[in-house]
Amino acid sequence: MGKVDNAGGFVALSGGGLSALKLGKPIMVKPSESFGQNILLEAPPAPRRGKKFMVALTISVVVLAWSFHGAKIRPGELVEGIPQIGQTLARMLPPDFSKITQAKHYYFPKNLSWGELLLPAPLDEADARARQRWWDNTFPQTVMGATLETIQMALAGTFLALLAAFPLGFLAARNTTPHPAVYHSVRLVLNLVRTIPDLALGLLFVAAVGLGAFAGTIALAIHTATVLGKLLSESVENIDEGVVEAIQATGAGYSQTLSFAVLPQILPDLISFTLYRFETNIRAASVLGLIGAGGIGYLMNTSFRTFQYQEAAAIVLVLIGLVMVVDHLSSRLRSFVV
């Protein structure tokens, strides 16, 4: 094809060589055969779908059909059950927030004032025991107390998990592990423990330490540590090795290389993963409450089992609001540090 040169003339490629055309009206030059082919004809041919492709497609369809059959997917029953869903939702409306707004549901000690109850003021022995019983036993059984306990469980569990996952992430990465045996051992432990559900861990620790938030917090910490360890190890394996080589060329040791070459590169991922797991642990803590491991899930389960649907709806809305607030705050925090 031709093009206009700096002087305004028309220059064309013809027969593999340059031919200068006189200035003035541009003269169209017939393109050579090599340049005149249709570009669509030069596109690569469509891949041939042979027997292997058809076999793979057939196996995929069979496996999907098998999974749908095993999952008892029956759309007709779902359509027939929609009226029952509507009836259940109707029983939940309007939500009953009386257990949140009315003071009588908090069972405040009658002989203690607000200041004596909320502030760490010195009290006599009887009043001090009454205040301690209210904070330890009564307040966690209220909706607001269970909500705060859920946040405390998620926050404490995430922090403990981060302390354990931080070194495990380096040991479980191929490029930072001190020895292949350490790499395979840590990977094996992370994979095994991560397969245990939160509820199963919660039941184990409820049997060990009894009902309450402590069992749920330990269950969250262990499960979250394995997940964070896995994610951090993959982040470490994806770092720029050139930075590591540059630091090592200065004579830096193992710990110095991790501190100045690896950690700065994985820090954004570390913060993002930790905040995401904190959001997830808010929901997981509420589920652990179903087995008595603390949190708002216990109250929600009790309300549903006693057919207090309006009260249960209020608890569900509180939980939804809590998750939304935590998600917003973590997003703002992530935007500041990442």
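Q: Leaving aside neighbours within four places in sequence, what is Thr-224 in contact with?
A: In this predicted model, Thr-224 is in contact with Ala-161, Arg-277 and Asn-281, once its neighbours within four places in sequence are set aside. The term contact requires heavy atoms within 4.5 Å. Thr-224 itself has its place in helix H9, residues 213–237.

Q: Why is Thr-224 called buried?
A: The term buried applies under 20% relative accessible area. Thr-224 has a relative accessibility of 0%, and therefore counts as buried.

Q: What makes Val-326 buried or exposed?
A: The relative accessible area of Val-326 is 10%, and the cut-off for buried is under 20%, so Val-326 is buried. Val-326 lies in helix H13, and it touches Phe-278, Glu-279 and Ile-282, not counting residues up to four places away in sequence. Val-326 and Ile-151 are 175 residues apart in sequence, while their C-alpha atoms are 9.3 Å apart in space.

Q: Why is Lys-72 called exposed?
A: Exposed means over 50% relative accessible area. The value for Lys-72 is 52%, so this residue is exposed. Lys-72 is placed in the loop between helix H1 (51–70) and H2. Lys-72 also has a positive phi of about 55 degrees, although it is not a glycine.

Q: How do you know that Tyr-107 is exposed?
A: Its relative accessible area is 58%, and the cut-off is over 50%, so Tyr-107 is exposed. The phi of Tyr-107 is near 50 degrees, a positive value in a residue other than glycine. Tyr-107 belongs to the loop between H3 and helix H4 (114–118).

Q: What does H1 reach from its first C-alpha to its last, and what is expected?
A: H1 has 20 residues and reaches 28 Å, close to the 28 Å expected at 1.5 Å a residue. H1 is followed by Lys-72, the residue with a positive phi near 55 degrees.

Q: Which peptide bond is called cis, and what is its omega?
A: The bond joining Leu-93 and Pro-94 is cis, with omega about -10 degrees. Pro-94 is located in the loop between H2 and helix H3 (98–101).

Q: What makes up the lining of the largest pocket?
A: The largest pocket, with a volume of about 260 Å³, is lined by 13 residues; Gln-141, Glu-149, Gly-212, Gly-292 and Gly-294 lie nearest its centre. Helix H5 (125–138) and helix H12 (297–305) each supply at least two residues of this lining. By class, the lining divides into six nonpolar, five polar and two charged residues.

Q: Which residues that line the second largest pocket are the closest to its centre?
A: The second largest pocket has a volume of about 210 Å³. Of its 15 lining residues, the closest to the centre are Lys-99, Gln-141, Thr-142, Leu-299 and Glu-311. H12 and helix H13 (309–337) are the elements that give two or more residues to this lining, and H12 gives the most, with four. The classes are five nonpolar, eight polar and two charged residues.

Note on methods:
Residues are numbered from 1 along each chain as its sequence is written. This is a predicted model: local features need pLDDT of at least 70, side-chain atom pairs count only at pLDDT 80 or more; totals for chains, interfaces and linings use all residues. Side-chain values use heavy atoms; hydrogens and water are left out. On a 1 Å grid over the protein atoms alone, a cavity is a set of points where a 1.4 Å probe fits but cannot get out, and a pocket is an open set with protein on both sides within 12 Å along at least five of seven lines; lining residues have an atom within 4 Å of a point. Grid points are joined across faces, edges and corners, and a volume is the space filled by probe spheres set on the points. Ala, Val, Leu, Ile, Met, Phe, Trp, Tyr, Cys and Pro count as nonpolar, Asp, Glu, Lys and Arg as charged, and the others, Gly among them, as polar. Buried means under 20% relative accessible area, exposed over 50%, partly exposed in between (1.4 Å probe, protein chains only). The expected span of a helix is 1.5 Å times one less than its number of residues.
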